Amino acid sequence: MSFPIASIPVVNSVLFGVYSNTLLALTATSHQERRAQPPSYTHVFIAGCTGGVLQSYCLAPFDLIKVRLQNQTESRVQPGSPRPRYQGPVHCVATIFREEGPRGLFRGAWALMLRDTPTLGIYFVTYEGLCRQYTPDGQTPSSATVLVAGGFAGIASWVTATPLDVIKSRMQMDGLGRRAYQGLLDCMVSSFRQEGLGVFFRGLTINSARAFPVNAVTFLSYEYFLHSRG
C-alpha cells in the first residue's frame with residue numbers, strides 16, 4: 001500500500017496541474033472565467049491527453065512496484081514456504097535496479113502512456129460534459145453535480161483504459177524470469193491468441209466500482225481548491 005499511497009499526490013498534482021495550465025494556454029481563460037466562457041471539448045481533450053502523457057512517466061515506477069508486490073504469491077506465514085522475492089517497496093526498487101537496470105523501473109511505460117493519453121482526454125471531456133449538462137449557464141456546478149460527474153468520468157476512463165491496463169500489467173510482470181513477450185504488440189497478440197477477446201476486459205467491473213467514489217472525491221477536491229485559490 002505504501003507506494004500507491006505515495007504516488008497519489010505526485011500523480012494527481014502533475015495530472016491536474018498540467019491539465020489546468022494546458023487549458024489556460026489554449027483558451028487564455030482562468031478556471032473561474034471558464035464557466036462563463038466554456039472551452040471547446042477539443043481543447044479539453046487535448047489538455048487531458050497532455051496531462052496523461054506527463055502523468056504516465058511519473059506514475060510508471062510507482063505502478064511497476066505496486067504490480068510486482070501485488071503479484072507475489074509466496075506465503076509469509078506458512079512455515080517452510082519460500083521467502084517472498086521482494087521484502088518491501090524499497091527492496092523491490094533495489095532488486096529491479098540491480099537485475100534489470102534503470103530502464104527496468106519503466107517497464108510497461110509505453111503501454112501506460114498509450115493507456116493514459118486518450119483515456120484522460122475522455123476522462124476530462126466526460127466530466128466537463130456532465131457538469132455543463134446539469135449546471136445552468138454561467139454558474140458553478142453544485143457539489144452533488146461534481147461528485148456524480150467525477151464518478152462517471154472515472155468509469156468512462158476505465159472502460160477505455162482496461163484493455164491496455166491488462167497489457168501494461170503483463171509487461172510489467174514480464175521482467176521476472178524468462179521473457180514471455182518481445183514487446184507491446186507481441187503481448188497483445190499473444191494474449192488474444194491464448195485467451196480470446198475477453199482477456200482485454202479482465203478487472204473492468206472492479207476497476208469501475210473503485211473508479212466512481214475515488215474520482216468523485218478527486219474532482220470535488222480539485223474544484224474546492226481551485227475556488228479557494230480564486
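Modeller: Let's begin with S20, which is buried, with a relative accessible area of 15%. Buried means under 20% relative accessible area, exposed means over 50%, and partly exposed is in between (1.4 Å probe, protein chains only). What you see is a predicted model, where local features need pLDDT of at least 70, side-chain atom pairs count only at pLDDT 80 or more, and totals for chains, interfaces and linings use all residues. Residues are numbered from 1 along each chain as its sequence is written, and side-chain values use heavy atoms, with hydrogens and water left out.

S20 sits in helix α1, residues 2-27. Helices here are DSSP runs of H or I with at least four residues, numbered from the N terminus. Setting aside neighbours within four places in sequence, S20 is in contact (heavy atoms within 4.5 Å) with R34 and Y222. With Y222, the link is also a polar contact, side chain to side chain, at 2.8 Å. That term covers a pair of N or O atoms within 3.5 Å; within protein, one must be able to donate a hydrogen and the other to accept it, and residues adjacent in sequence count only if both atoms are side-chain atoms.

For another helix, look at α6. Its buried residues are C187, S190 and S191. They cover an arc of only 100° around the axis, which puts them on the same side of α6; the arc is that of the directions from the helix axis to the C-beta atoms. What covers these buried residues includes α5 (143-173). On the face turned away from the buried side, α6 carries the exposed residues L185 and R193. Just after α6, G196 takes a positive phi of about 80°.

Note on methods. Helix = DSSP H or I, 4+ residues; strand = E, 2+ residues; numbered from the N terminus.
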